[in-house]
Amino acid sequence: MALTALPFLSRSNYLCSRTSLRCGAKLIKNNKTDCCRALSAGCHGYSSRWTAKHVIFAGAVGGASLVALTRHKLLKVHAESNPWEVSPRPEPTPSRVMNYGLDLGIKITLYQYQTCPFCCKARAFLDYYGISYDVVEVNSVKRTEVKWSKYKKVPLLLVQTPEGKTVQINDSSQIVSVLQTFIDTKMKITIDQIANYYPHFEDKGEGMFARTTFDFPNKYFIMYLDEGTVSKSTAKLRNFERKWRMWVDSDFVHRISPNIYGTFAESFQAFKYFEKVGNWEKIFSWWDRLVVCYLGGFVMRLVAMNLKRKHELDDDVRMELYHSVQRFTKGALNRGAFTGGDSITLADLALYGVMTSFEGCDAFRDMTENSDISTWFQAVKKAVEGHEGQRIIRTILETDVGEVEGGTLGVAVSEVEVVEEVGEAVLA
Ligand SMILES: N[C@@H](CCC(=O)N[C@@H](CS)C(=O)NCC(=O)O)C(=O)O
């Protein structure tokens, strides 16, 4: 079966088409490493490193995409073999098993910190769809559980395919996009094939303490099998959803640390909360716990001050939080109860997920008391905890029994008019 794609991002055509130049500029501005590594068990921050080389490349490629998009609706998608195949597969003892009784033929293991906002985002997605997974809680000090991986952050997902391959998927947004693509393509394209469409940039860094960092230019994009599967309204909704998913990572997330570590008292309170929900009793010795809670609380207070400066936040960080929430309620919930109107989108799940990371902190309580977010939050919580998305997957499994021999994947990026169809390819 020959399949085509809508305007997309591919291995040779990274970054956000129309928005790519803007992305490049924003990424320079966001050049940061927020997370305190050893003590990042609570870890409310993120890091991203881009070099000028990347940005120039991104700009050039983006410019080319921009021109291409004004002429083509369907573009050729290139996939490359995925360097994240893991062999031999690590066989850790899971900290817990989330079994929702739905067999997708794949086995998922999530490496995480329980209260890391990005891990909470990945979990919100998995829980909403009722996709079973094993959890491996990573010790944020020793990090032995991820020693085998060259990507050193969490969340990190291992997916074992029915063919016995194990694929590593990095970054919360990329995890969500790859799995959403798997669902949208009716689970007929294997995860390792989908992963080929999500390339990465690797930056080895410079100097004595150089650390390799990674970026994933297609991470906010859902891929489609062919034109027929994406209506104009879906493409539009995906654009809107993508905008707010990006906003979660570039705006809301930066307000969390300065708030939960806003004073030393709040900082220690936050670590006590992380200790409880992270089940640190099982992971850390009592001595490690003491060090992580008190030293971590102290260090993160200092880190939060730095983050506040870096992101140019007002001294009144609570107001910054309330205003951020207001940007969402006013800008994203203007069509209904959720970002998709009546339906939950990945943007809702992303924000809900990162919000749950500090649910037990004073900042969360203040946020819900001083904004209109509560109704939305409770509605998404109900959907996630009730695994309401599982219905969507069950419908696909029950109704879609056709075979797919191959095809390309592409991304619905914009409402650009079709001028000519330029390509189709077959998945290897
Ligand atoms: N963009 C990444 C950010 C992940 C991230 O920063 N994770 C932190 C924990 S919250 C981490 O693993 N930091 C470890 C380190 O920087 O060494 C995502 O969305 O997954």
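Where is arginine 143 placed? I looked this up and found arginine 143 in the loop between S6 and S7. I note at the outset that the model is a predicted one.

**Entry 1: arginine 143**

I checked the backbone of arginine 143. Its phi is positive, about 55°, although the residue is not a glycine.

**Entry 2: aspartate 171**

I looked for another positive phi and noted aspartate 171, where the value is near 80° and the residue is again other than glycine. Aspartate 171 sits in the loop between strand S8 (166-170) and helix H4 (172-184). Is aspartate 171 buried or exposed? I find 26 other C-beta atoms within 10 Å of aspartate 171. The cut-off for buried is 20 or more, so aspartate 171 is buried.

**Entry 3: cis peptide bonds**

The bond from serine 87 to proline 88 is cis, and its omega is near -5°. I place proline 88 in the loop between strand S3 (72-74) and strand S4 (96-98). The bond from valine 154 to proline 155 is cis too, with omega near 5°. Proline 155 belongs to the loop between strand S6 (133-137) and strand S7 (156-160). Arginine 143 is also in the loop between S6 and S7.

**Entry 4: helices H6 and H11**

I turned to a helix pair. Two packed helices are described by the angle and the distance between their axes. For helix H6 (residues 232-260) and helix H11 (residues 346-356), the axes come within 8 Å and cross at roughly 15°. Angles under 35 degrees count as roughly parallel, so H6 and H11 are roughly parallel to each other. The crossing of H6 past H11 is right-handed.

Which residues make the contact? From H6 I listed Glu241, Trp244, Arg245, Val248, Phe252, Val253 and Ile256. From H11 I listed Leu346, Ala347, Ala350, Leu351 and Val354. I sorted the residues of this contact by type and got 10 nonpolar, 2 charged and no polar.

**Entry 5: the whole chain**

The chain has 14 helices and 13 strands. It runs to 428 residues, of which 46% count as buried. How much of the contact with a separation of 6 or more comes from residues 24 or more positions apart? I noted a share of 79% for such residues.

How values were computed. Residues are numbered from 1 along each chain as its sequence is written. This is a predicted model: local features need pLDDT of at least 70, side-chain atom pairs count only at pLDDT 80 or more; totals for chains, interfaces and linings use all residues. Axes are lines fitted to C-alpha atoms, for helices over the stretch in contact, and angles run from 0 to 180 degrees between N-to-C directions. Helices (H or I, at least four residues) and strands (E, at least two) are DSSP runs, numbered from the N terminus. Angles under 35 degrees count as roughly parallel, over 145 as roughly antiparallel, 65 to 115 as roughly perpendicular and the rest as oblique. A crossing is left-handed if the near helix is turned anticlockwise from the far one by less than a right angle, and right-handed if clockwise. Two residues are in contact if their C-beta atoms, placed from the backbone, lie within 7 Å. Ala, Val, Leu, Ile, Met, Phe, Trp, Tyr, Cys and Pro count as nonpolar, Asp, Glu, Lys and Arg as charged, and the others, Gly among them, as polar. A residue is buried if 20 or more other C-beta atoms lie within 10 Å of its own, exposed if 12 or fewer, and partly exposed in between; C-beta atoms are placed from the backbone.
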